[in-house]
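The sequence and the model are shown first, and the packing of the secondary structure elements follows.

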Amino acid sequence: MISRLHIANYALIDSLNIEFTEGLNIITGETGAGKSIILGALGLLLGARADAKAIRRSDCKSVVEAIFNVEGLEALAAWAEENNLDWDARECILRREITPSGRSRAFVNDTPVNLTQLAELGSQLIDIHSQNQNRLLASPDYQLKIVDSIADNAALLGRYQSDYSAWRKAVRALDAAQKALEQNRADQEFIAFRLAQLDEAQLVAGEQEELENERELQSNMTEIKQLLTEALDSLTNGESSVLANLSQAVEATEGLSEVLEDATELARRLDSARLEIQDITETLSDYDSNLGADPSALEQIEERLSDLYSLERRHGVETVEQLIQIREDLRSRLEAIDNGDMAIDELRRAADVALKAATATAAKLSARRREAAMTFADELIEVARPLGMPNLRCEVAIEPLKALSPSGADALEFRFAFNKNQQPQTVGGSASGGEVSRLMLSIKSIVAGRLQLPSIVFDEVDTGVSGDVANRMGAMMLNISKKLQVITITHLPQVAARGVSHYKVFKEDDSEATHTRIRRLGADERRGELALMLSGSSTDAAALANADSLLNK
């Protein structure tokens, strides 16, 4: 459930803090006091679009933060793990920030998330139901969701969707293979021609780099030979060469061994350096002997590289390795033509097996939906008739689809009749706004115990009713609140009197601006608020007596 709500710098709210309780929470206040502002702020935590115009002061950001008690909601912990978010088994914090420029940021437990993640989590924590959402009742997807909740189809629906996904994947693989085989057969001669070209080139991995290095060497042979000569002259030629001087230094140092304690070690180190330089000299001499300009070799290198570059340009690549990959792909395409019919048959069998599995699971779903639909229709009539609809009839029509869909094999439609002489019709063609509101409240009452949802907000769903119907709607909301937290924004005293906690939204002026405030009412304040709702006066004796009567119920 939502335990605390903080709103700052949003519309008429400079700073507001609300602590909600378990059970039925009532919010009342005059029209325009700011109840819808609080609802709009809550909507931001469900991913609603942020509007910079709603920021009260342009020099600081707007913040909406809600703290939820999530004990026992294991599904949310699994969601957090899937989204790589830290999770506290007791408390979850959702926060939305809007900068004056309109930029929005979202957080779950102080970790930044995107709006999609915020909306996914928020929708599992709280359901905001307003009159605008009544149109959902006409949605086939929403109707199917209701019946599935009644049938407790979550696990079976998950299995079906897995089977359906596997079948669609198998169908896509079959379609792709058939199109590829048709294309390969159409291109067979061209594929064989390109493959023959690449086979004839006798491509070798690493060849291009090796040839380019050899070309560089041959192209600069004169300079290389000159540098080798200079190096060898310095090391070996003449009495002042490096090796000659090192040999003299070794002899001289050895002669100092009788007078200098470290002379022997120094002579050894000098001799080691002489041997190392001697080895370097021999290596350079080998290079000098083996290297020589070869115009014919350079010509062959250039010719081979030209052939490779031409092939690469033709195939739109840059390396021999990529040409080799193309060659093997072409070879595989030719082999696929030879084995194509066999592969297609195998993929077709796999698609048929997947279709049978999905169809079998869909049939189980359909059976459970038909049974649940009858239960739902009977229960809805029983729950909704006392809400001023004594002649209500409900039918749930289920027809088989021509092909499987992501939700199963059923086309489902709710039909209602509100008068004795009326045939059941779709909700859009048969119900008034008030009737749809009462139907939705009744449906929420039926499915509340089957939902994992911890909180629900009703925004003036009781508009347009009064008297005994209002009493019954209040009782229904109270009954729902025994299963999950309910927050109700209402103008009806009969509903407000049922609440465990009662909050009043009001406006307050200071010298600079108008502010929206909210406070939890004590017993006497609540009595006065109900009297005000009944008569327009919080001190009217008859209204106070009526308020006492409502509270005592």
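Helices H14 and H15 form a left-handed crossing, a term for a near helix turned anticlockwise from the far one by less than a right angle, clockwise being right-handed. Helices (H or I, at least four residues) and strands (E, at least two) are DSSP runs numbered from the N terminus. H14 spans residues 433-447 and H15 residues 467-480, and the two pack at about 30 degrees with their axes 9 Å apart. H14 is therefore roughly parallel to H15; angles under 35 degrees count as roughly parallel, over 145 as roughly antiparallel, 65 to 115 as roughly perpendicular and the rest as oblique. Axes are lines fitted to C-alpha atoms, for helices over the stretch in contact, and angles between N-to-C directions run from 0 to 180 degrees.

From H14, the residues Arg 438, Leu 441, Ser 442, Lys 444 and Ser 445 meet Val 469, Met 473, Met 476, Met 477, Asn 479 and Ile 480 of H15, contact meaning heavy atoms within 4.5 Å. By class, this contact of H14 with H15 comprises 6 nonpolar, 3 polar and 2 charged residues. Ala, Val, Leu, Ile, Met, Phe, Trp, Tyr, Cys and Pro count as nonpolar, Asp, Glu, Lys and Arg as charged, and the others, Gly among them, as polar.

The model is predicted, with local features requiring pLDDT of at least 70 and side-chain atom pairs counted only at pLDDT 80 or more, whereas totals for chains, interfaces and linings use all residues. Residues are numbered from 1 along each chain as its sequence is written, and side-chain values use heavy atoms, with hydrogens and water left out. The mean pLDDT of the protein chain is 86, and 96% of its residues reach 70 or more; pLDDT is the predictor's confidence in each residue, from 0 to 100. Where pLDDT is low, the predicted coordinates should not be read in detail.

**Two further helix pairs**

Two packed helices are described by the angle between their axes and the distance between the axes.

| Helix pair | Axes come within | Crossing angle |
|---|---|---|
| H6 (residues 188-200) and H12 (residues 320-384) | 9 Å | roughly 140 degrees |
| H9 (residues 242-255) and H10 (residues 263-290) | 8 Å | roughly 165 degrees |

With axes crossing at roughly 140 degrees, H6 is oblique to H12. The crossing of H6 with H12 is left-handed. Residues of H6 in the contact include Ile 191, Leu 195 and Leu 198, and those of H12 include Leu 323, Ile 326 and Leu 330. By class, the contact of H6 with H12 has 9 nonpolar, 1 polar and 5 charged residues.

H9 and H10 are roughly antiparallel to each other, and their crossing is left-handed. Among the residues that meet are Leu 243, Leu 246 and Val 250 in H9, and Leu 266, Leu 270 and Ile 277 in H10. The contact of H9 with H10 has 11 nonpolar, 4 polar and 3 charged residues by class.

Ala 66 has Leu 94 in S5 as its bridge partner.

S9 and S10 pair over 9 bridges in the antiparallel sense, and a hairpin of 2 residues joins S9 to S10. S10 (residues 408-417) is joined to S11 by 2 bridges. Phe 416 of S10 stands opposite Cys 394 and also opposite Gln 425 in S11.

Conventions:
Two strands pair if DSSP finds at least two bridges between them.
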